[in-house]
Amino acid sequence: MKEYKLPHKTLLLWRIRTALIFCLLASICAFYSFTMKPFLIALLVLSVVFVLTIFWYLPQLFKAFSIKHSNNAVIIESGFIVKQCHILPFSRLIYTQSVRTPLARLLGLTAFTLKAARNKLFVPEIDATDAKEFIEAISHGDAL
């Protein structure tokens, strides 16, 4: 059984995405905080949530994620507050689809989804070469 861990570039990508969302929301709150004081409070709360997300939540989520591949199934474990374990047998796999955003492409990462009957599993960004190897192996049902 081969196990994949997320590369550190994935954590960097998550942090960049979170920072972009924070900047957008913070600029909206800052713009309206001059006329309405509740937006100033929202900006402060948003800043605290941002700091907790960047320095506590995302690293913990990153450490808790693992992908395992055996001869007949894919096992995906995620979550540290609410632990989840998904087991997808190859016999139920319908298709795989890779997804690359421009930012992920710049970092050399690829995410993919595994589609089964009534279920869809999303695997966050891993190295593009590992993702290609993984998708080819599971689509042929080979052992890694």
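Colleague: In which sense do strand E3 and E4 pair, and over how many bridges?

Modeller: General idea first. Strands of a sheet pair through backbone hydrogen bonds, either parallel or antiparallel. Now the case here, in a predicted model. E3 (residues 73-78) pairs with E4 in the antiparallel sense, over six bridges.

Colleague: Which strands make up the three-stranded sheet?

Modeller: E5, E6 and E7, in the order E5-E6-E7. That sheet is also open, and its pairing is antiparallel. E5 (93-99) and E7 are the edge strands; each has a single partner, so one side of each is left without a neighbour. Here the twist averages 20 degrees from one strand to the next. E5 and E6 run antiparallel and are joined by six bridges. Among the residues involved, Val99 has Ala111 in E6 as its bridge partner. Helix H1 packs on this sheet and touches E6 and E7. The direction of H1 makes about 105 degrees with that of E7.

Colleague: On to cores. How many residues does the largest nonpolar core have?

Modeller: A core is read as a set of buried nonpolar residues joined through side-chain atoms within 4.5 Å. The largest one has 24 residues. Those with the most contacts inside it are Ile67, Val74, Ile76, Phe112, Leu114, Phe134 and Ile138. H1 (8-33), H2, E3, E6 (109-116), E7 (119-127) and H4 (128-140) each supply at least two residues. H4 gives the largest share, four residues.

Colleague: What does Val74 touch?

Modeller: Skip its neighbours within four places in sequence. Its contacts then include Ile67, Leu114, Phe134 and Ile138. His86, Ile87 and Leu88 are also among them.

Colleague: Is Leu43 buried or exposed?

Modeller: The cut-off for buried is under 20% relative accessible area. Leu43 has 18% relative accessibility, so Leu43 counts as buried. Leu43 lies in helix H2 (residues 38-64).

Colleague: Which residues does Leu43 touch, beyond those up to four places away in sequence?

Modeller: Ala26, Cys29 and Ala30.

Technical notes: Residues are numbered from 1 along each chain as its sequence is written. This is a predicted model: local features need pLDDT of at least 70, side-chain atom pairs count only at pLDDT 80 or more; totals for chains, interfaces and linings use all residues. Side-chain values use heavy atoms; hydrogens and water are left out. Two strands pair if DSSP finds at least two bridges between them. Buried means under 20% relative accessible area, exposed over 50%, partly exposed in between (1.4 Å probe, protein chains only). Contact means heavy atoms within 4.5 Å. Axes are lines fitted to C-alpha atoms, for helices over the stretch in contact, and angles run from 0 to 180 degrees between N-to-C directions.
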